[in-house]
Amino acid sequence: MADLTNSSWSEADSSNTQPDPSGFPSGILPSQVGGVVRALMGATKRSFDRSNAMVSSTGSANAYVLTYTQVPEGYVKGEVYRFFANATNTGAATININGLGTRSILRADGSALSPGEIVVGQVVTVVCDGANFLHQSVGSRFFKDSVSIVKDGDAILTLEDTGAAATTFRSKNIYSSRNVGGGNDWLFRSRRPSDGAIEDFTLKTGTGGTIWTTGNFNPDLKANLAGAVFSGDITSHRGDKSGVIFLGRQDQNGGRYLYYDGSNYQMPGSQLFVNGSQVWKRDDFDPNTKVTVNSQPRFNGLLPALTGEGYIYSDGGTSNLRFRSGPASAYKYAGLNDDGNFQIFNGGVEAAGDVHAVGAVRANGRVVVGEGGNASYIEMRDSDEGTRFIHNNSGLIGFLGADGGWKARVGDDGKFWTAELGDLNTRIEARGAAYRDSANANTSANYMAKTGAAANGGLYINGGSSYANVQPSLSLFYGGLEHWNIMAASDGNLYFRNGDNGDARMRLNRDGSLWTKQFGDLNQRIEDRTANRRDEANANTAANYFNKATGTQQNVNNIPSFNAAAIDIVRGGVLRARWVVDGSGNTILQNGDNGDNFFYVNTGGAVWTKQFGDLNTRIEDRAYAHAAGQAGSRVSKTGDTMTGTLEIQGAYPTLRLHYPNVRYWDMNVREWGGISLTPNGSGETHQFKADGSIWTSQMGDINSRIETRAREWAETRQGTLGFIPVQQSGGAYQGNNKVYLGWDGAALRAQVDASDLERVVTRSWCNPIIDIRMTLAGDLNNDWNNNYSYSEPYGGAVVTSRASGLATNSQQMIFGMRWRYLQKQDSYGNWYTVGYV
């Protein structure tokens, strides 16, 4: 829909003949009238919202952002925008409307704005000049109290600025001093920000004299009596070079002073301080008793703290470093020798002791355990699951449980043994032989040939009572190309999946609805696409946008904390391997960088590896596979994989997927050549026809459903909204910002994105003066002033004419005067009499 500023719209009525909805050509169809009217309404509403303060700006104080529902077509010279300012500018300002580009906000003369010309809450009016925007508003900071101009009276101009709480009383006044001391002087009056006291400055006329200005006077070249900073030399001497500079009292009887005695500078009776710190002198400081910075002093020992017995020292005559801790009655010692060894001492001699670490203990080389012994242990403690060990003895290495017995071990001959399985190779051979013997007992009556077979009836895949938790499925392979799997799941729905990774591609639900990986719920997809068509027509919904928010990144598994007992074994630049006992008592070998498990043994002795999964299950599976291989080309009824094609012949050939006690699905080929799906024999819910069309009991023909719903939404979108939509953004120079307009309880308020533009200024708020006049107050003879007083018969009125006559002494006399009021008229047509001060 075009904006009013679009070049396709003409001021000449007869020229607006473009095809609908941009014009109204002759012979337009009735069905097209609605589009033209809606285009007119949309363009009118967009123009109204932009030229009136219907939104508030967002952005920073000097970078204002406007967001309309419809983006303007572009920045158009002469187009007016009004908005509530969300912040007061602090300098040169810019505006960006719906992301159409940043433009400067300038004064009419092209100069940048000064701080405070846009005030928070003010209604700001800007006009595009083709390149930038010209500021048309008068900031509310210029409307403080009143401005009075009295003609033929005392001319008074008052300029006030009390807008900042931190600098109150900031008022400035300029008076014609006809009523201030007489004469034609000018009086400048201001109030001090500190206490509000009045300060007057008078500019006299007719008396001559010089007014100092920046052109004939530079105060920076004069010293202030209260103190000054000099960039040149200050000379103080008495002819004998004994000049004195006084600090405080200007005498030598109690004041502080600095003088030069001809050879030294003296400050009698005073200590010298710099930044509050005393300057040391020869009589109170000896640098020979202090350590030189950046030197290498030697100490007999070091007590690091002000209190306590912690002590660091070196053995006499050696390069060994010793550490002493603990109370004096029970010192503990440790040492770092010059050969790099770390020792623990007891009573000054090397002794066994524990090394405790709160965090990880890392070593770039080997960690040696049990040196000098005939059996070694790595003990792993868990605060709530007990202690377990890695043990090396008798040519075996493995894991000991909390009871101290072997749970898993490997010998030097490579044989692997677990408490659950015994010798692993023996277990594998025994289970393979058992499955082989079981397979040979089966007959061909229980199987179908893997190369393909025909069934005269339906093929039922049924777990039976003994497979209550099995989800029956059928896999279809096209060698080297694709693997499809059809599964009746525990939720009663039929899934079409990627047979290799289980990824669901389509789901037929028990209620007749259809879900696909591409579209999600198909009915919802239809509704969404219908709504999209509606939104594309209105161009005012969130469907025109995409979510800018970023998703959260899932962290890798947390590395167990130290209370879960872990040892890292690192090969620099290759791998960090970690042995850990987790909170469930499992002993795990992990990737220490990302927590990925390689291998673990649980408290029952079961073994899991990343390659095989649960080792016992792997053994059983491989033994079964070994036995199944004996069956040759047969297909097992309990589940199998076919390398050929399964063909089911007959009228209405049927394939049934049955999940016991949940639901079964029948898939059969109908007489019209398509596939039909029926759940629990209760009637068809889905049809897949040979021409590619899809029918469901919920929606009927899917394509017809899409077209019908799209047409219904498009034809009823106006009634569905319940209001006349207004386009936000889309016009000239407009960005995609979101614009808000609402009532704050006292006035209209606007906001763009997160930036509050404050209130919209209306005529009832400002009510400007549009006219002034002098109206008759009354005519009075001279009797009203017989007593020669200065009474004012009409408060605020001025004399505009007089009546004269001749007295008996031939002197002209004034017999009467005409009085008039000064009145002003507001924008509502009301007249008000101007008062006087």
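Trainee: What should I know before I start?

Mentor: The model is predicted, so local features need pLDDT of at least 70 and side-chain atom pairs count only at pLDDT 80 or more, while totals for chains, interfaces and linings use all residues. Residues are numbered from 1 along each chain as its sequence is written, and side-chain values use heavy atoms, with hydrogens and water left out.

Trainee: In what order do the seven strands of the open sheet lie?

Mentor: Strands are DSSP runs of E, at least two residues, numbered from the N terminus, and two of them pair if DSSP finds at least two bridges between them. Here the order is 1-2-4-5-7-6-3, with mixed pairing. Strand 1 (58-60) and strand 3 (80-84) are the edges, each pairing on one side only.

Trainee: How many bridges join strand 1 to strand 2?

Mentor: Three, and the two strands run antiparallel. G59 sits opposite Y64 of strand 2.

Trainee: Which residue in the turn between strand 23 and strand 24 has a positive phi?

Mentor: That's S394, at about 55 degrees, in a hairpin with two residues between its strands. Strand 23 (residues 386-393) pairs with strand 24 (residues 396-400) over five bridges, in the antiparallel sense. H391 has G398 as its bridge partner.

Trainee: And what about the hairpin of strand 24 and strand 25?

Mentor: Five residues lie between those strands, and G404 has a positive phi near 85 degrees. Five bridges join the antiparallel pair, and F399 partners A408 in strand 25.

Key: Helix = DSSP H or I, 4+ residues; strand = E, 2+ residues; numbered from the N terminus.
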